[in-house]
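Me: I would like a close look at one part of this model, the place where the two chains meet. Start with the chain itself, then go to the contact.

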There are 2 protein chains.
Amino acid sequence: MTEVNGSASPQQHSAQESSIPRPLRIALLGFGTVASSVARILVELKPSGIELTHVYARSLAKRRAAWVPASVAWSADVNAVLDSDVDVVVELAGGLEPAGRWVRKALTAGKSVVTANKKLIAFRGVELERMAADKGVYLKYGAAVAGGIPVIPAIEQGLIGDRIKRIDGILNGTCNFILSKMEEGFEYAPALAEAQAKGYAEADPTEDVGGFDARAKLTILMRLAVRVAVDPEAIKPRPITQVSAVDFSYARDLGCTIRQIARADRSDGKIAASVGPTLVAMRSPLAWSRGTENMVILTGRYGGDVVFSGHGAGGNPTAVAVVSDLLTLAHGAQPVKIPSEQAEVDAECELPHYIRFLVDDRPGIVAEITGALAKERINIRAIVQKPGYPHHALPFVVTVESCTGSALKRALENIRGRDYLLEEPLDLQMLE
Amino acid sequence: MTEVNGSASPQQHSAQESSIPRPLRIALLGFGTVASSVARILVELKPSGIELTHVYARSLAKRRAAWVPASVAWSADVNAVLDSDVDVVVELAGGLEPAGRWVRKALTAGKSVVTANKKLIAFRGVELERMAADKGVYLKYGAAVAGGIPVIPAIEQGLIGDRIKRIDGILNGTCNFILSKMEEGFEYAPALAEAQAKGYAEADPTEDVGGFDARAKLTILMRLAVRVAVDPEAIKPRPITQVSAVDFSYARDLGCTIRQIARADRSDGKIAASVGPTLVAMRSPLAWSRGTENMVILTGRYGGDVVFSGHGAGGNPTAVAVVSDLLTLAHGAQPVKIPSEQAEVDAECELPHYIRFLVDDRPGIVAEITGALAKERINIRAIVQKPGYPHHALPFVVTVESCTGSALKRALENIRGRDYLLEEPLDLQMLE
């Protein structure tokens, strides 16, 4: 990538809008919500330097939109579009395949690629970036993390002079919608149902509520901000499905609420990462995010905390990120190539924990639990039991000082299967 | 700027860290807090592609820092540094002159310039950018607005596909420190004194508390985000000096707090801008900013609100922005040139207002005030009078529906000089 030749390469275009020799020819792969928003912005703003020329859509009859200029060629044959003379392919199909095959084919053909595909970038990003560099083209994915929040360009440009040591993110709008509904008093199931009714959650919500979507985005942020390329599967996400309305009630008493937090931390050469429901202090910015909003807090060695917040999903905000990537390509604004190293997730976050038990109450339970914690040298911070619950199904909470999740797991192993436990204890990290 | 020649130009450097042919040679003009933080980061991180070679400092004896490599040439002669073979001049002296002269000289000599000088960029930015473009070099000022918050790169890259229609900013850390102290119960004078003791406020705090600093930054953001170049002096800032602890008490009753807000709005082809103390809803992100923090909310036509928050000043955060600008230059990451048009501030923000009176109480005052407002067809929303104040110095508050500041001014003109008014009524805009 030290020298780029060939007049069709986007980086040959000048940095000044007025002097762009020929607009970049753009193909959209897919014409769902985001893609049609991209097309809509291009039609409405007519930004100089880019021209939508091709759309691939599986069902042409259904998709050919009347407001898209007649000059755009529609095709139900993705290979025809990939073989065309477009300069940039915009991949908005999502998922590893066939999207990965299309992106590889485009890069191999010397076309730059803009994508919103977090899964593909999380799992195959290093390989695909290398392919792009070998061909002297670009792979841009500003839309893959936090949609309309320009956190990737901010890292690549404005924070490149710092060393980011920690990421705390609310990266999945579906989980944030469900958890902020639960903060209002809903139980998990009706909150999920409402998210599904509004189109925020899929019929099978596992990718979101299981933490897999947030994990993919965290992995991408880790590569750019913390500069370590880790295997996403090395991070075991914890689902939000076990969180109950009673946990919000206890959290409130602790001055907290609950959010799905994706966290990565690089200190003393060790890398820790976690994704899961987490208690966050009400006074923390992380508690401000409501509904489908996303938030990213980056902590730099020199610059301290920088907070980014906004719409993490939705057609228009995500499309802004895609169009912005297209315009930076068109205007020759090459990204800085941030070096990253292959690394292992080799540490655990050491944080205070919240453990909620649901028990058939009887004497001796607290003694047994505290004994199990003591055996692992875990310090208890507080034992909280709110009134108003029945003895035979009594929720109560133990909070403990900073420890690793695995030490806590070993401690809880000691009481596993006790007949007073009506369900597995719920263990949540606490951010303060 | 369509074609750039000459091997010393920063944009000839490649986009890949590993293949940069020769580091950019950097000169620091000034060696105060920010400059020494810049030097410190360069010494500690040794980022590839840039090399600190010259420092200009007026008092050499005092400034020559032992931890700066011996290879760096120190000089008390600014012209000698400007005439040297450096590629990039970092101007951190601040103010219009002599900084402007130095920047012009550097650009004329074909050197790129990185600066944190908001005043210079606000008043002379258009001219200086044109000079840079003519010479095929760059003028970068990521540090000029909101210090360590990468809002300028985010606008230039991640939001360039949107059209920003509104800016709401907390752009002056000194005012935010004073006002958040007052939120805790302090009066203005002791809050200012504490800001001065901590080094956040100058002995003469006019530039900050008068709103001139925030106005300069707002003007820069308007040029980049709203794409209009306006004369900073067309915006009349209102000082925070008239705000009193009693206003925070009334604001709280209204579900609000008070922040210095820099606001610009472009709608229906009209441009409105204002800087001054403003009531903001406690649930608004603008109320979250405490201490010297800065915050910027950009509202895009497509992407909706994006919130940026972090440290707006201080040596290290500002230095991160400077070093990031240097690295993007070194790595050939040309900025997208955002077009802006010369424009007039030709509208006023139409917002609800908070008006606080301090009166020697007697019958008929409310009737007279409400009558004066009615004459200008300003709708009253609420009249609030808290108990516990003496009759001869009674503060009370009238809130009104959306109106322009000048309509309200005309209304208040009708009661000007009444002997029951112990001071000028305090008029604050309200954001909801």
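What share of the contacts in chain A with a separation of 6 or more comes from residues 24 or more positions apart? And which parts of chain B make up its side of the contact with chain A?

Reply: This is a predicted model. Residues 24 or more positions apart supply 76% of the chain A contacts with a separation of 6 or more. Chain A holds 14 helices and 17 strands. Of its 432 residues, 53% are buried. Its C-alpha atoms fill a box of roughly 80 × 45 × 35 Å along the principal axes. The radius of gyration of chain A is 24 Å; a compact globule of 432 residues would have one near 22 Å, so the two agree.

Now the contact. Chain A gives 53 residues and chain B gives 53 residues. On the chain B side, four elements each supply at least two residues: α1 (33-45), α6 (151-158), β12 (304-311) and α12 (315-330). By type, the chain B side that touches chain A splits into 27 nonpolar, 21 polar and 5 charged residues.

Within it, V307(A) stands opposite S309(B).

Conventions:
Residues are numbered from 1 along each chain as its sequence is written. Chains are lettered from A and ligands numbered from 1 in the order in which they are written. This is a predicted model: local features need pLDDT of at least 70, side-chain atom pairs count only at pLDDT 80 or more; totals for chains, interfaces and linings use all residues. The radius of gyration is taken over C-alpha atoms; the globule rule is 2.2 Å times the number of residues to the power 0.38. A residue is buried if 20 or more other C-beta atoms lie within 10 Å of its own, exposed if 12 or fewer, and partly exposed in between; C-beta atoms are placed from the backbone. Two residues are in contact if their C-beta atoms, placed from the backbone, lie within 7 Å. Ala, Val, Leu, Ile, Met, Phe, Trp, Tyr, Cys and Pro count as nonpolar, Asp, Glu, Lys and Arg as charged, and the others, Gly among them, as polar. Two strands pair if DSSP finds at least two bridges between them.
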